[in-house]
Amino acid sequence: MPMRLFKLLNDNRDVRGARRFEIVNKDSEATIYLYDVIVSSVSESEWWGGIAAETFCRELAAIEAGTIHIRVNSPGGDVFAARAMEAAIQTKKKTSKMVCHVDGYAASAATFVALAGDEVEISDGGFMMIHESWTLAYGNANDLLATAALLEQVDNTIVATYVRRTGIAEDKIRAMMAAETWINAADAVDMKFADRVAESAVENRVSWKVEAYRSAPE
């Protein structure tokens, strides 16, 4: 597990009042609250907390509603788990309108979930964050070179996702990722990471501990 991800999970292990994974059905609409770290397995979620991709995907697939809202407040997590969640949302778009809301943070891997909807809304005071991928590597020189090559491939897929959503030039996205860029609500709309700023504030929003990131806003 990457050391920064380990720190992110450890720092937020005992966060009270922020963790929430809940599905609320009302008439022809449903809402999923994804207020947690994204982790790769159920066993990880049982130890560290967090939402595993298999849990999210299973629950999403079971929903029968014309419109599904996914409300995100997540400091990020495992990139491949988030990609699985993104794929599940893309599949669900065939039968339901998907509206993603950034209620607090959609940082790191959580951006894949937030950007997957038919519509993306961000709360005033919310943030998205994009950065280059992390991992923990050990072994000989060949092992480390192979890991570096894998990270480059992962970064290429991340860049492609952001370019496709925003239309921003690839070199600018790469520079933003290299700098670990935190994007506020107004800028998210201007850069087309989001479609609009929410008209009303989110109540009882709890901030995560994001000191694992080097440029986190205070």
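**Strands, a helix and a core**

Mentor: Strand S2 and strand S5 (residues 67–74) run parallel and are joined by six bridges. Strands here are DSSP E runs of at least two residues, helices are H or I runs of at least four, and both are numbered from the N terminus. Two strands pair if DSSP finds at least two bridges between them.

Trainee: What kind of model is it?
Mentor: It is a predicted model, where local features need pLDDT of at least 70, side-chain atom pairs count only at pLDDT 80 or more, and totals for chains, interfaces and linings use all residues. Residues are numbered from 1 along each chain as its sequence is written, and side-chain values use heavy atoms, leaving out hydrogens and water.

Trainee: Back to S2. Which sense does S1 pair with S2 in, parallel or antiparallel?
Mentor: Antiparallel, over seven bridges, with S1 covering residues 20–26. The two form a hairpin with two residues between them. Aspartate 27 in that turn has a positive phi of about 55°.

Trainee: What does leucine 34 face in S5?
Mentor: Valine 72. Leucine 34 of S2 is also the bridge partner of phenylalanine 21.

Trainee: Why is S2 largely enclosed?
Mentor: Six of its seven residues (29–35) are buried, so the rest of the structure largely encloses S2. Buried means under 20% relative accessible area with a 1.4 Å probe, protein chains only.

Trainee: New topic. How many residues does helix H6 have?
Mentor: H6 (residues 141–166) has 26. Its first and last C-alpha are 37 Å apart, close to the 38 Å expected at 1.5 Å a residue. That expectation is 1.5 Å times one less than the number of residues.

Trainee: What is at its two ends?
Mentor: At the start, a side-chain oxygen of asparagine 140 comes within 3.0 Å of the backbone nitrogen of asparagine 142. After H6 comes glycine 167, with a positive phi near 80°.

Trainee: What do the buried residues of H6 pack against?
Mentor: Helices H4 (79–92), H5 (110–114) and H7 (170–178), plus strand S8 (127–130). Buried residues of H6 include Ile158 and Tyr162.

Trainee: And the largest nonpolar core, how many residues has it?
Mentor: It has 46. A nonpolar core is a set of buried Ala, Val, Leu, Ile, Met, Phe, Trp, Tyr and Cys residues joined through side-chain atoms within 4.5 Å. Tyr162 and Phe193 are among those with the most contacts inside this core.

Trainee: What does phenylalanine 193 touch?
Mentor: Its contacts (heavy atoms within 4.5 Å) include Met128, Tyr162 and Ile173.

Notes: Buried < 20%, exposed > 50% of the residue type's maximum accessible area, 1.4 Å probe, protein only. Polar contact = N/O pair within 3.5 Å; in protein donor to acceptor, adjacent residues only side chain to side chain. Lists of a residue's contacts leave out its neighbours within four places in sequence.
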